[in-house]
Amino acid sequence: MTGQNHVTAADVKNMAGKFGADLTGIASIERFRNVPENENPEQIFPETRSVIVIGRRIARGSLRGIEEGTQFGLYNLYGYDWLENRFLASATYNLAEFLEDSGYEAVPVQNLPKEIGPTGLRVADGRAAPNVLIDFDRAAVRAGLGEIDYGGFLLTPEFGTRQRVQIVLTDAELRPDPLCEKTLCDFQDKYSDFCPLDAIDPGGETTLGICGKKMRVAGIDFETCRECGNGAVNNRYYPEGPPDRIAAACGRSVYAELERRGKIERGFRTAFRKRPVWNRVGNRVELRDGK
Ligand code: SF4
């Protein structure tokens, strides 16, 4: 063996920041004890002691072209593909290398939709069929980074809807972060205004419980979302899965509302929402006051 340095949670956060992470949260593996086997990190790495969730912000400007309705491609790259698969992946991998240089095993995990489901055979009793797909948004809640809102988005106090997250599983025993105690989403009654296609259904509301944290989540009609022309982007990894909605009318409206209510810690000199909101319904575009 070469490196055998003791690593603490503070070391991990410090290094993750140096590697470009804007958010780092740590959950103990005990916080995953009751998740289904096909979403359980221990099925990937049975020696996992800590689940490190690291995030990079989506630059607010990456949403600007879609907010104005004039440029959709830049979000696709800077807000989605390149951000996830280049900038964030690089931070994730560097953090895994740092842990392994210190003598711990570290498994970098990319964020694939759990809707893909198992596609292979169990190799042994007690082992899940491949591929095990962790729910990253819920893992971020378990790691203390934030909450799931009424629209099903991961919200953090720092950036609201604007982040992407990846995971490093490690056998290092790290002090876990407390769950996020702030409540960001307290405007559930406004969500039906956020979707011009009525895909957010209060009638389908459920209460999501994660490690004792309770969150109300509306029913979302993802079939409608897959046809949405208001900034939703098809799932890059699994077209039949839920589309990416962060830049869609709903996601941008949630962000704008959080800003209006002063709930974003990483604030700006100017408001995100500056002009009437465009909504495409069929072949029509309508404008409405976004204030
Ligand atoms: S993605 Fe489109 S259809 Fe789905 S909730 Fe958001 S705005 Fe509505």
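This briefing describes a protein chain, its domains, its ligand site and several individual residues. The structure is a predicted model in which local features need pLDDT of at least 70 and side-chain atom pairs count only at pLDDT 80 or more, while totals for chains, interfaces and linings use all residues. Residues are numbered from 1 along each chain as its sequence is written, and side-chain values use heavy atoms, with hydrogens and water left out.

**Domains**

- The domain assignment divides the chain into domain 1 (9-170) and domain 2 (188-288); such bounds come from an automatic or database domain assignment.
- Taken over C-alpha atoms, the centres of domain 1 and domain 2 are separated by 21 Å.
- Domain 1 gives 43 residues to the contact and domain 2 gives 44 residues, where contact means heavy atoms within 4.5 Å.

**The ligand site**

- The ligand takes up the space of the largest cavity. A cavity is a set of points, on a 1 Å grid over the protein atoms alone, where a 1.4 Å probe fits but cannot get out. A molecule sits in a cavity if more than half of its atoms lie within 2 Å of its grid points.
- The residues around the ligand include Cys-195, Cys-225, Cys-228 and Cys-250. Also among them are Pro-196, Leu-197, Ile-200 and Arg-245. A residue is near a molecule if one of its heavy atoms lies within 4 Å of it.
- The shell around the ligand consists of eleven nonpolar residues, no polar residues and one charged residue. In this scheme Ala, Val, Leu, Ile, Met, Phe, Trp, Tyr, Cys and Pro count as nonpolar, Asp, Glu, Lys and Arg as charged, and the others, Gly among them, as polar.

**Buried residues**

- Helices (H or I, at least four residues) and strands (E, at least two) are DSSP runs, numbered from the N terminus. Buried means under 20% relative accessible area, exposed over 50%, and partly exposed in between, with a 1.4 Å probe and protein chains only.
- Arg-252 belongs to helix α8 (residues 249-260). Arg-252 counts as buried because its relative accessibility is 0%. Leaving aside neighbours within four places in sequence, the contacts of Arg-252 include Leu-63, Ile-66, Glu-67, Phe-272 and Trp-278.
- Thr-161 lies in the loop between β5 (154-155) and β6 (163-170). With a relative accessibility of 1%, Thr-161 is therefore classed as buried. Not counting residues up to four places away in sequence, Thr-161 touches Phe-153, Leu-154 and Tyr-255, among others.
- Leu-154 is part of strand β5. Its relative accessibility is 8%, so Leu-154 counts as buried. Thr-161 is one of the residues in contact with Leu-154, as are Asp-137 and Val-165, when neighbours within four places in sequence are left aside. Leu-154 and Ser-90 are 64 residues apart in sequence and 22 Å apart in space, C-alpha to C-alpha.
- Val-132 is located in the loop between β3 and α5. Val-132 is buried because its relative accessible area is 15%. Its contacts, apart from neighbours within four places in sequence, are Glu-37, Asn-38, Glu-39, Asn-40, Gln-43 and Ile-44. The C-alpha atoms of Val-132 and Val-107 are 13 Å apart, and these residues are separated by 25 residues along the chain.

**A partly exposed lysine**

- Lys-182 is placed in the loop between β6 and α6 (191-194). Its relative accessible area is 43%, so Lys-182 is partly exposed.
- Lys-182 touches Glu-147, Pro-157, Lys-213 and Glu-265, not counting residues up to four places away in sequence.
- The C-alpha atoms of Lys-182 and Gly-146 are separated by 7.9 Å, although these residues are 36 residues apart along the chain.

**Backbone geometry**

- Most residues other than glycine have a negative phi, and most peptide bonds are trans.
- The peptide bond from Pro-130 to Asn-131 is cis, with omega near -5 degrees. Asn-131 lies in the loop between β3 (106-109) and α5 (136-142).
- Asp-198 has a positive phi, near 55 degrees, and is a residue other than glycine. Asp-198 lies in the loop between α6 and β7 (200-210), and a relative accessible area of 63% makes this residue exposed.
- Cys-211, also a residue other than glycine, has a positive phi near 50 degrees. Cys-211 is found in the loop between β7 and β8 (213-220), and is partly exposed, with a relative accessible area of 39%.

Technical notes. 1 Å grid on protein atoms, 1.4 Å probe; cavity = no way out; pocket = protein on both sides within 12 Å on 5 of 7 lines; lining within 4 Å.
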